[in-house]
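Hi there,

Here is the structure I promised to pass on to you. Please have a look at it first, and then read my notes below.

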Amino acid sequence: MVTVNSNNNSSSTSNSTQLVETVSIDYDDFNDAFLTCATCLCVYDGVERAPKLLPCSHTVCVHCLTRIAAAANNRRTTQDLNNGRGSGSNTIQSQQQQESQTAQQQRQTFRCPICRELIVVPQNGGVTALPPSFLVNQLLDLISTHRRRTLIPTCCGGGVLSSHINQELLYCETCDQVFCSVCTKHETAIGGGTLISSKSPPLVHTIIPVSVAMKRTSEIMLYKANECVSKLNCSRDGVCAELERLDTARNECLSTLDDTFSDLMNIIEVRKQQLQQQIHKACDAKNRILSQQLSAIDTEKTKVMDECGNVNQLLDVQSINQRIQILNDRLQKPTGGIEEPRENAFIALDLDLTAIKNVVNNAIGQMGCVRTTTTCPGNCTLNVAESNGENLLIPRLVDTQVATLTAVDYDGNRRNLGGDPVTIKLIGPLDDTQQEMGPNNLGNQHQYNNTSDDGVRIIDHKNGQYTIRLCLSNCGRYKLLVYVLGRPVACNGNTGHIDFSIIKSIDPICQYSRGPSMQQPVAIAVDHNSARVYVLDTGNCRIRVLDTHLNYICDVQNIEAMRGRSSTGIGLLSDDTLVTVNWRTNTVTQMTLDGETVKSWTHSSMIEPMCVAVDRIYDHVLIGDSSCNIHAFKAATGQHLFTINNKKSNGKSAECVGTFMAIGPHSQIIVISGITTTGCRCLDIYSCKGTYERSITVMTTTDKSTHLYSSLATCNNFILATRRHYNSYVIDLIDMETEKLVNTVDSNGCKLRRPAGMVAFSELQDSVIDDSQQCSSYYLLVTDVAADSVKKYQFF
C-alpha cells in the first residue's frame, strides 16, 4: 500500500490528500504459485496433500514425499542385493554387508525433488513426522475464508466508448464520498472551496479504493452485528431464565393452593366424621334399648310356651283353668312394658344448608387472590443515603436508613402498589483482599427478603417505595446488593452494589446552634406528646424551649425558681407542669409551661438539691442533693415520702456533674454507686418505695480508670451513663436485663467536654401501613455545660 501526499498550490490553504493504492492479485496465479505442489501440481490440503517443510526450505506434499522416499528405499535395496551376489560366500564380507544394510535402514534418505539436496527421513514416524509448512497452512486458511473473489466497482460515467470504463472508483474517508479520479475532481477544501485560515492545521484526505472501503465497512458492520447478536443472546437468556422462574412460581402457587384446599377439605372431612360418629352413637343407643326389649319379649315368650307345652300331661280340668286364668291376667295386665317399643327409630340430620352455604361461599370467595406485578427491575431506582466521603459511614448498632427503592413499571411509570419481592444480599465484613474482588467471589454472604429482621430490614410502604435499614454490630466494610424479582437494581444510575462501613464512632445528628446562645445548660427534660424539649439555661435564669430537632421555639422565665442563677434540675410531671430545684434557696418549684408558679416546697433533710427525676407512673418527684441522697415527694401535695441514704457514695458529690439518678421502665430508682474498681463501675437499683434491690457492675475493657459515672438517663431497658475518658466524656449504653455494656457513644469529631443533663426518647421511624413493620429509633439529648450546647445522638 502506497501513500501519496499532494498539496494544492492554487490556494493559500495547505491541504493534503492521502491516496491509498492497493494491488489486486489474480486468485488462480496466487494459487498456482504458492498453494500448489511443484511435484504433482496438486493443490495442498490438510489431509492427503498436506504441505511438509523440508530442511532445504522447500515445500512438498506428503503424498509425493512418501512415494519419493519409498522409491529411494527400493533402489537402495536392489543395489545391496547385487553387491551380495558378487561377493560369493565370503562370510566376513557378508557380515559387514548386513551391518551396513542395517545402518542404512536406520537412516533412510532421499533427494529433494526441487534442489536435489539429501534429506534424512526421521526415524520415528517416517515422512509424516516432517514438520508442516506453517506459512502454506496459513495461506490455505486465509484463502478458505475468502474464497469469494472481491468485485471491484468501476466507473461507467464515460459510457461504453469511454477510455476509463474500467477505472476503479475511489473513496474519501474524510469527506465520505465515492468518486472517479478521471472524470471527477475531488475537492480538498471545506465548504465547497471556502478558504481555511493559515493558522488551521492542514486537512488530510485519506483516499482508498472502494473495494477496500467496502471490505472495511463490511467488517465493521459484521462486528456491530455480532455485538447486537451477543446482546440479543443475553436478552434471550434473561427471558428464558424469567420463563423458568415463571414456571417455578406457577408450580409453587399451585402447590400452595393444593395444600390450602387440602387443609380445608381435611377440616370438612373431620366435621363429617364427627357427624358420622354422632349418628352412629345415637343409633347404637336406640339399638341397645330395642335389643334389650327384644330379648325380654323372647324370654317371656319362651316362658309362656314352656308353661303351655305340657297341657297334655295335665289330668284335671282345674289345673288347666288355672293356667288359662294366668294367661288372661297376662293378656289384660302390662307385662313389664314390653308390649310397646321402648325406643323409636327416628333419627335425622339437621343441616342449615342455606346459612352455611352463604357463609362458606362468602369465606371461600374472599379467600386468596392472584397477585402479579408490572415492576421492571431495570427501571427501578435505588437512592442511597448521602455520605460525606466516598463510602457511606454507619455507626455500630444504630438503626440507619441506607437507601430507598422506588418501583417503576415497564412504561417508566412509578408504581403505587407494594408487595414486590425485594431481596438483599449483604457481603461482609471484608478485608483488604476481598474489597477488590467481585461480589460473586466473596465470602460471608447473607441474603434477606421482605420479612427479615436480623440486622437488615426492608420496609414496604405499600406505595411503590421500599426503605432499606441496617443495624449491624460488627465493624468493617460491607457491600450491599439489592434485587427485585431476582434481578439486580441499578444503584444511583449505575448497576452495582452499595459500599458502606460500620464504624464505632457515633457523631451527633444535630446540635443547638440557632437562636439565642445559652449559658450553663445543666438539665433537660422532654415532652413526648408535644415533642418539645425544655433546657434549664441556668446562666441566663430561664428555660429554653426547643423541638426534638433542637430548633428554638421560645423561652420560659420564673424569677422565684431561677433566683441567684442556682437552678440545677428540671423535670416534667404527668399533668404537663414543670418542676425545678434551686440549690441556693433549697426549694422545689412547680410551674406551668408558661412559667407561672403552682407551688413551692422544701424539706429539712434536703441539703443543696442538685437534680430532679420524675416518676410519671406513681407521680413521684425525686430530688438528689449534694450528699447523693435521694428524697421522694408526692407531686400533687409536696408531701415527703422517703429518703434513700446512698451510703456507698461517701459524700462524693463532686463526681456527679448532672443527674446521678434515673427512673427505670418499671419505676425502679437507678443511682450511681460510689464503689468502683479499675475498669468497673457500679449502679444501685431501688424499688419505687426506696427499698434496695440489687446492683449492676459494668465492665469496660478499654478504659482502666476509676472515674465514676457522672450522669444517668434511661429509655426502655437501656441505661445511658456518662463517664470521663481521657480529656473528654463518653456515654455507655447498658442493658438492664443482661447487665452488659452494649455500646459506647463516642464521637471522633465532636467530643463531649462536660455533659450534665441527659434525656432519652424514641420515635417511630417510618409511617407504614403494616403495624408489624413499625419500628422505633432511640435518641439521646445531652447538655454540655463546657460548650454551652445541646447535642442529639441516635444510639439504637
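Helices (H or I, at least four residues) and strands (E, at least two) are DSSP runs here, numbered from the N terminus. This is a predicted model, in which local features need pLDDT of at least 70 and side-chain atom pairs count only at pLDDT 80 or more, while totals for chains, interfaces and linings use all residues. Residues are numbered from 1 along each chain as its sequence is written, and side-chain values use heavy atoms, with hydrogens and water left out.

Let me start with two loop residues. Glutamine 520 sits in the loop between strand 22 (510-511) and strand 23 (521-527), and has a positive phi of about 55 degrees although it is not a glycine. Its relative accessible area is 39%, so glutamine 520 is partly exposed (buried means under 20% relative accessible area, exposed over 50%, partly exposed in between, with a 1.4 Å probe and protein chains only). Cysteine 541, in the loop between strand 24 (532-537) and strand 25 (542-547), also has a positive phi of about 55 degrees without being a glycine. Cysteine 541 counts as partly exposed because its relative accessibility is 25%.

There is a cis peptide bond as well: it runs from glycine 428 to proline 429, with omega near 0 degrees. Proline 429 belongs to strand 13 (residues 422-430). As background, most residues other than glycine have a negative phi, and most peptide bonds are trans.

Now to the helices. Helix 5 (residues 210-309) packs against helix 6 (residues 317-332) at an angle of about 160 degrees, and their axes are 11 Å apart (axes are lines fitted to C-alpha atoms, for helices over the stretch in contact, and angles run from 0 to 180 degrees between N-to-C directions). That makes helix 5 roughly antiparallel to helix 6 (over 145 degrees; under 35 is roughly parallel, 65 to 115 roughly perpendicular and the rest oblique). On the helix 5 side, Glu300, Lys303, Val304, Glu307 and Cys308 meet Arg323, Leu327 and Arg330 of helix 6, where contact means heavy atoms within 4.5 Å.

Finally, an open sheet of 4 strands has the order 31-32-33-34 with antiparallel pairing (two strands pair if DSSP finds at least two bridges between them). Strand 31 (609-615) and strand 34 (640-644) are the edge strands, each pairing on one side only. Within the sheet, strand 32 (residues 620-625) and strand 33 (residues 630-634) run antiparallel and are joined by 5 bridges. Isoleucine 623 stands opposite histidine 631 in strand 33.

Best wishes
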